[in-house]
Amino acid sequence: MGDFGGWLVPLFYTSIMEEHAAVRAQAGVFDISHMGEFLIEGPETLFFLEKNLPRRIAPVKPGQAVYMPLVNDRGGMVDDIIVYRMAEQKFLIIVNAGNIEKDLHWFRSRLISGAVLTDLSEEMGLLALQGPLSQTILVECFGAFYKDLRRFHYKDFEGGIIARTGYTGEDGYEIMVPKEKLKKIWDVLFRVGEKHGLLAIGFGARDTLRLEAAMPLYGHELSDEITPLEADLGWAVDLTKEDFPGSGILKKQAQEGIRKKRIGFEMIGRGIPRQGFEIQKDGKTIGAVTSGSFIPTTGKNIGMAYVAIDQAKTGNKINVMVRGNPVEAAVVSLPFYARKR
């Protein structure tokens with residue numbers, strides 16, 4: 001067990017390597033009930049969200065979801081969130097556990113009459129079923145009704161939802177239900193999933209899986225000082241919108257260019273990169289590691305980092321300072337791993 005965002009969470013059940021491999025080859029279940037859930041509803045909800053979020057919300061239909069950063073007035077990222085449209089004027093927003101209070105303040109400080117926010121974080125539980133056999137297990141557990149769910153769509157389930165979303169780079173689902181139903185759902189998944197090699201997965205493998213898929217994590221690749229364009233999340237921001245928090249700064253960045261960029265790299269020399277390790281080129285500091293680890297799938301030591309834009313080209317050789325010693329690495333294209341579709 002270990003601490004994550006103020007929560008006591010399982011780091012692993014068997015081993016990080018075994019659990020990582022299970023999600024890539026079969027399926028795994030994560031208890032991610034630490035995540036936050038906000039419900040926003042009322043006659044002015046759509047207007048409120050369109051005014052404050054960096055993607056267009058009106059085209060999102062009930063039953064659909066959309067990923068985006070939450071942007072502050074300086075263009076930095078308060079968080080990254082998923083917005084689910086439950087009805088014409090009713091939306092569910094999933095936020096990161098360590099940012100629940102900060103995100104609540106961000107939304108409530110901007111709320112208008114006709115939009116009401118309810119924090120459901122203490123009421124709802126969340127399980128992630130991930131891996132190539134996740135659809136088989138889900139349908140055997142809960143019926144063919146959920147078989148045709150498309151990516152970033154959801155259907156109602158047991159007072160909550162089942163959504164085809166995830167944070168591993170694999171196919172999968174996230175199941176949100178009231179907390180009192182969580183253990184029942186967990187038990188059903190394992191009664192059915194055991195024959196398919198289903199394992200319980202801890203936060204250690206959750207981190208190596210998302211790193212391998214090059215998915216950013218708040219507090220590592222995302223922060224209040226890093227913009228979506230620097231984080232290579234420009235696709236999740238609509239700069240054709242007239243105005244939203246930070247839009248002026250982001251439009252200026254898009255026009256003039258960014259000075260730093262999120263990259264991926266593979267170690268050539270021996271050494272495991274860790275968050276905060278300095279990155280050098282020709283003896284000069286050009287950036288810092290944000291995430292790094294040994295990855296079981298490929299057997300390589302990999303990492304993500306922010307470096308000066310002129311050093312971000314694929315193939316560029318850099319040095320990661322491991323315990324004060326320069327270790328050679330090479331910039332590679334992201335993601336490190338992409339599942340077979």
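Which residues does Thr208 touch, not counting residues up to four places away in sequence? The points below take up this residue first and then the rest of the model, which is predicted.

1. Thr208. This residue is found in helix α6. Not counting residues up to four places away in sequence, Thr208 touches Ile16, His20, Ser293, Phe294 and Ile295. Its relative accessibility is 6%, so Thr208 counts as buried, the cut-off for buried being under 20%. Along the chain, Thr208 and Ile302 are 94 residues apart, and their C-alpha atoms are separated by 9.8 Å.

2. Helix α6 is mostly covered, with nine of its ten residues buried. These are Phe203, Gly204, Ala205, Arg206, Thr208, Leu209, Arg210, Leu211 and Glu212. The list of buried residues includes Arg206, Arg210 and Glu212, which a student may want to find in the structure. The buried residues of α6 pack against several elements: the strands β1 (2-4), β2 (7-9), β3 (28-31), β16 (284-295) and β17 (300-308), and the helix α1. After α6 comes Ala214, which has a positive phi, near 60°.

3. Helices α1 and α6. Two packed helices are described by the angle between their axes and the distance between the axes. For helix α1 (residues 16-25) and helix α6 (residues 203-212), the axes come within 8 Å and cross at roughly 50°. That angle makes α1 oblique to α6. The crossing in which α1 passes α6 is right-handed. On the α1 side, the residues that meet α6 are Ile16, Glu19, His20, Val23 and Arg24. On the α6 side, they are Gly204, Ala205, Thr208, Leu209 and Glu212.

4. Helices α4 and α5. Another pair is formed by helix α4 (residues 134-142) and helix α5 (residues 182-193), whose axes come within 9 Å and cross at roughly 115°. That makes α4 roughly perpendicular to α5. The crossing of α4 and α5 is right-handed. From α4, the contact uses Ile137, Glu140, Cys141 and Phe142. From α5, it uses Ile185, Val188, Leu189, Val192 and Gly193.

5. Aromatic rings. How many aromatic pairs does the structure hold? There are ten. In one of them, Phe48 and Phe107, the ring centres are 6.4 Å apart and the planes are at 55°, so the pair is tilted. Phe48 and Phe107 are both buried. Together with Phe38 and Trp106, they form one aromatic cluster.

6. Lysines over rings. Two lysines are placed over aromatic faces. Lys155 lies over the face of Phe145, at 4.1 Å from the ring centre. Lys260 lies over the face of Tyr306, at 5.7 Å from the ring centre.

7. Pro245. This proline sits in the loop between α6 and α7 (247-256). At 8% relative accessibility, Pro245 counts as buried. Not counting residues up to four places away in sequence, Pro245 touches Lys51, Asn52, Val71, Asn72, Asp73, Trp106 and Arg110. One of these contacts, Trp106, is also a member of the aromatic cluster in point 5. Val71 is 174 residues from Pro245 in sequence, yet their C-alpha atoms are 6.1 Å apart in space.

8. Backbone points to check. Most residues other than glycine have a negative phi, and most peptide bonds are trans. Glu158 is not a glycine but has a positive phi of about 50°. Glu158 is in the loop between β10 (154-157) and β11 (160-163), and at 39% relative accessibility it counts as partly exposed. Asp282, also not a glycine, has a positive phi of about 55°. Asp282 lies in the loop between β15 (278-281) and β16, and is exposed, with a relative accessible area of 69%. The peptide bond from Leu334 to Pro335 is cis, with omega near 0°. Pro335 is found in the segment after β19 (325-332).

Definitions and conventions: Residues numbered from 1 in each chain as written. Predicted model: local features only at pLDDT ≥ 70, side-chain atom pairs only at ≥ 80, totals over all residues. Heavy atoms only, no water. Phe/Tyr/Trp six-rings, centres within 6.5 Å; stacked < 30°, edge-to-face > 60°. Buried < 20%, exposed > 50% of the residue type's maximum accessible area, 1.4 Å probe, protein only. Lys NZ or Arg CZ within 6 Å of the ring centre and 35° of its normal. Axes fitted to C-alpha atoms, helices over the stretch in contact; angles between N-to-C directions. Helix = DSSP H or I, 4+ residues; strand = E, 2+ residues; numbered from the N terminus. Parallel < 35°, antiparallel > 145°, perpendicular 65-115°, else oblique. Left-handed = near helix turned anticlockwise from the far one by under 90°. Contact = heavy atoms within 4.5 Å.
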